[in-house]
Amino acid sequence: QVQLVESGGGSVQTGGSLKLSCVTSGSYASYYMAWFRQAAGKEREGVAALVPANSRTFYAEYVKGRFTMFHDNAKKTVYLEMNSLKPEDRAVYYCAESWDGGQWWVSKSYQYWGQGTQVTVSS
């Protein structure tokens, strides 16, 4: 069974930065690797996705210009560099893996999920 492990969460002030990491135990031949987030009382929402085969990336409009997703094939690890963090970015961030493709921003497209890492942004 594929296992995903996230790390790198923490607490920062508004405008600060964090770098999240996600290591997968899978073969790293999935359609998408992605980062989702879920704030308290809210549904999970897609933040960014990456296609391991060609390194293409996709971003939610609200993080464009602030967040960057990239990967290391040898380490089977994806990263999310988050800059200019805002209080509304506070959430648990989850790494996800899709083997069926589809719409990258839809949770149902992903079969495997990590346990999440908390990101807190103070105003």
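Okay, let's start with Ser55, which is partly exposed at 39% relative accessibility. Quick note on the words: buried is under 20% relative accessible area, exposed is over 50%, and partly exposed is in between, using a 1.4 Å probe and protein chains only. Ser55 sits in the loop between strand E5 (45-51) and strand E6 (56-59). Strands (E, at least two residues) and helices (H or I, at least four) are DSSP runs, numbered from the N terminus. The phi of Ser55 is near 70 degrees, a positive value in a residue other than glycine.

Before I go on, this is a predicted model, where local features need pLDDT of at least 70, side-chain atom pairs count only at pLDDT 80 or more, and totals for chains, interfaces and linings use all residues. Residues are numbered from 1 along each chain as its sequence is written, and side-chain values use heavy atoms, with hydrogens and water left out.

Back to the serines. Ser84 has a positive phi too, near 50 degrees, and again it's a residue other than glycine. You'll find Ser84 in the loop between strand E8 (77-82) and E9, and at 40% relative accessibility Ser84 is partly exposed.

Now follow the chain into strand E9, residues 91-98, where Ser98 lies. Is Ser98 buried or exposed? Ser98 is buried, with a relative accessible area of 0%. Leaving aside residues up to four places away in sequence, Ser98 touches Ser30, Tyr31, Tyr32, Ser109, Tyr110 and Gln111. Contact here means heavy atoms within 4.5 Å.

A disulfide is a covalent bond between the sulfur atoms of two cysteines. The rule used here is a pair of cysteine sulfur atoms within 2.5 Å, and that gives 1 disulfide. Which residues form the disulfide? Cys22 and Cys95 do, with their sulfur atoms 2.0 Å apart. The torsion about their S-S bond is about -85 degrees, so this disulfide is left-handed. The pair links distant parts of the chain, since Cys22 is in strand E3 (residues 18-24) and Cys95 in strand E9, 73 residues apart. Cys22 is buried at 0%, and Cys95 is buried at 0% as well.

On to the rings. Rings of Phe, Tyr and Trp (its six-membered ring) pair if their centres lie within 6.5 Å; planes under 30 degrees apart count as stacked, over 60 as edge-to-face, and the rest as tilted. How many aromatic pairs does that rule give? The count is 8. Take Phe36 and Trp113: they're edge-to-face, 5.1 Å centre to centre, with 65 degrees between the planes. This pair links distant parts of the chain, with Phe36 in strand E4 (residues 32-38) and Trp113 in strand E10 (residues 112-113), 77 residues apart. Phe36 is buried, at 0%, while Trp113 is partly exposed, at 24%. Then there's Phe70 with Tyr79, a stacked pair, 5.0 Å centre to centre and 20 degrees between the planes. Phe70 is partly exposed at 32%, whereas Tyr79 is buried at 12%.

Ring pairs also build a cluster, linking Tyr32, Phe36, Phe58, Trp104, Trp105, Tyr110 and Trp113.

Last bit: charges over rings. The rule is that NZ of Lys or CZ of Arg is within 6 Å of the ring centre and within 35 degrees of the ring normal. Tyr79 comes back here, as the charged end of Lys19 sits over its ring, 4.8 Å from the centre. And Arg44 lies over the face of Tyr94, at 3.6 Å from the ring centre.
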